[in-house]
Amino acid sequence: MSEALYPITVEVNGIARAATVPARLSLVDWLRDALRLTGTHVGCEHGVCGACSILLDGEAVRACLMYAVQADGHRVTTVEGLTAADGSLSVLQDSFCEKHGLQCGYCTPGLLIAAQALLEANPQPSEAQVREAIGGNLCRCTGYQQVVEAVQLAAERLAGSRR
Amino acid sequence: MKAPPFEYARAASVDEACALLRAHGDDAKLLAGGQSLVPMMAMRLLRPAWLVDINEIAALKSVAVEKDGVRTGACARQVTLERDAALGARVPLLHQALAWVGHVQTRNRGTVGGSLAHADPCAELPLVAQVLEARLQLRADKGARSLSAGEFFLGPMTTALAPEECLEAVHWPAWPEPRVGSAFTEIATRHGDFAMVSAAAQIALDDEGRCLRAALGLGGVGMTPLAFPALTARLVGQRPSETDFAELARAAAAQCEPGDDLHASAAYRRHLAQVLAARVLRSAKQQAERLQ
């Protein structure tokens with residue numbers, strides 16, 4: 001039995017991408033395998049680790065808990081969409097480097113997405129708010145302290161650049 | 001960890017969702033936020049032949065703050081409720097519980113109705129529904145019916161929903177008394193993980209501090225979230241003391257039937273049930289006392 005295919009059009013990092021997908025294809029597998037946007041990582045595949053976090057219509061969600069067919073007509077931002085057009089790192093990404101907010105890098109795309117969503121909604125978060133925002137992302141290297149510092153540094157730098 | 005094959009239909013209206021459910025019966029599942037269903041399919045615990053996606057039905061996303069409570073569409077996202085200050089003021093217990101539901105990413109996608117229809121006995125929203133005696137509105141092709149939370153939850157991951165029925169909306173009652181306090185707490189390995197035990201309480205006091213009405217519920221210690229109306233009725237007319245709360249908590253914990261697993265023994269869960277029951281009763285009363 002061949003599986004039915006469903007046509008979808010999804011705006012991914014500002015570009016409309018059309019495809020036909022089987023219903024069971026997860027959004028993260030479509031982004032990685034079909035669009036080759038491998039910045040979004042696959043960790044647990046059942047919604048626990050947060051490595052696959054993306055922005056769906058501006059809100060952070062787990063891309064392993066959605067089927068690609070459900071994203072039809074919606075807007076997706078992956079970690080690749082956080083960089084400037086010339087590929088240079090965003091302030092948030094650079095702050096992760098500066099504060100050693102990553103080691104092995106597996107969780108980093110998910111943490112960047114969670115932090116990006118936080119800073120867009122709340123440009124001056126408290127430490128508790130940062131911890132709440134990244135509470136759904138597992139990291140086995142950093143112990144989270146440097147991640148929190150990186151997000152706070154990014155908030156300071158972004159506030160400075162707005163002044 | 002990939003879902004088995006299935007066919008997908010995006011319903012544009014509740015009528016269409018109901019028609020699809022009638023056509024496919026037991027072979028179809030409704031897909032709301034997917035925060036429980038999708039992992040279960042990835043683990044192949046479920047193999048529906050059809051998924052009927054109700055995420056694009058605008059009518060299921062409404063949130064209305066009404067005089068006697070809050071009415072939420074079944075597909076309203078948890079984050080929508082969390083951000084609604086008027087909802088938090090009208091039904092504070094619902095707002096308090098939402099802070100314990102999963103993580104930011106899962107609340108952004110997870111829905112009220114999905115959580116209730118999934119009916120995990122340790123989940124937060126089913127517990128609040130049970131404590132507040134929320135009313136659930138069910139729709140099918142052949143008609144609509146309304147059930148209380150107590151009638152809706154039948155067992156672990158088991159509800160009164162028939163295969164062809166769609167949960168359409170939930171009414172979360174607000175208590176009309178002027179001094180109402182509420183509290184929610186739980187113990188989990190990490191914040192946002194599944195609770196070992198959760199507890200919720202709501203208490204209404206009169207001007208002299210006498211109890212007009214009280215409700216207590218415990219999650220994770222039975223087949224469904226549990227409420228204890230016979231026990232809390234004993235508080236009515238009293239100025240409840242620490243001793244009253246301790247006795248009530250002991251009696252409630254004695255009625256629980258917690259399970260044993262890797263994370264916590266039955267004895268530990270029963271202990272938590274007693275401690276957390278007393279804690280939420282005390283907090284709810286203190287909150288009510290601060291209101292004039």
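Biologist: Which residues have the most contacts inside the largest nonpolar core?

Modeller: B:Ala17, B:Val52, B:Ala277 and B:Leu281, in a core of 149 residues. This is a predicted model: local features need pLDDT of at least 70, side-chain atom pairs count only at pLDDT 80 or more, and totals for chains, interfaces and linings use all residues. Residues are numbered from 1 along each chain as its sequence is written, while chains are lettered from A and ligands numbered from 1 in the order in which they are written.

Biologist: Why is this called a nonpolar core?

Modeller: Because a nonpolar core is a set of buried Ala, Val, Leu, Ile, Met, Phe, Trp, Tyr and Cys residues joined through C-beta atoms within 7 Å. Helix α12 (residues 266–289) of chain B supplies the largest share of this core, nine residues. In soluble globular proteins, nonpolar side chains tend to be buried together.

Biologist: What does B:Ala277 touch, not counting residues up to four places away in sequence?

Modeller: B:Ala199, B:Leu216, B:Leu218, B:Ala249, B:Ala252 and B:Ala253. Contact means that two C-beta atoms, placed from the backbone, lie within 7 Å.

Biologist: What makes helix α8 of chain B mostly covered?

Modeller: Nine of its nine residues, 124–132, are buried. A residue is buried if 20 or more other C-beta atoms lie within 10 Å of its own, exposed if 12 or fewer, and partly exposed in between; C-beta atoms are placed from the backbone. B:Glu124 and B:Gln130 are among the buried residues of α8(B). B:Glu133 follows α8(B), and its phi is positive, near 55°.

Biologist: How do you know which elements chain A has?

Modeller: Helices (H or I, at least four residues) and strands (E, at least two) are DSSP runs, numbered from the N terminus. Chain A has five helices and five strands. Their order from the N terminus is β-β-α-β-β-β-α-α-α-α.

Biologist: Why is chain A called as compact as a globular protein of its length?

Modeller: The radius of gyration is taken over C-alpha atoms, and the globule rule is 2.2 Å times the number of residues to the power 0.38. For 163 residues the rule gives 15 Å; chain A has 16 Å, which is close, so the chain is as compact as a globular protein of that length. Its C-alpha atoms fill a box of roughly 55 × 30 × 25 Å along the principal axes. Of its residues, 47% count as buried.

Biologist: Where are the domains of chain A?

Modeller: Domain 1 covers 5–82 and domain 2 covers 91–162. Such bounds come from an automatic or database domain assignment. The C-alpha centres of the two domains of chain A lie 22 Å apart. Their contact takes 15 residues from domain 1 of chain A and 14 from domain 2 of chain A.

Biologist: How many residues does each chain give to the contact between A and B?

Modeller: Chain B gives 25 residues and chain A gives 23. On the side of chain B, α6(B) has the largest share, five residues.

Biologist: What classes make up that side of chain B?

Modeller: Twelve nonpolar, nine polar and four charged residues. Ala, Val, Leu, Ile, Met, Phe, Trp, Tyr, Cys and Pro count as nonpolar, Asp, Glu, Lys and Arg as charged, and the others, Gly among them, as polar.
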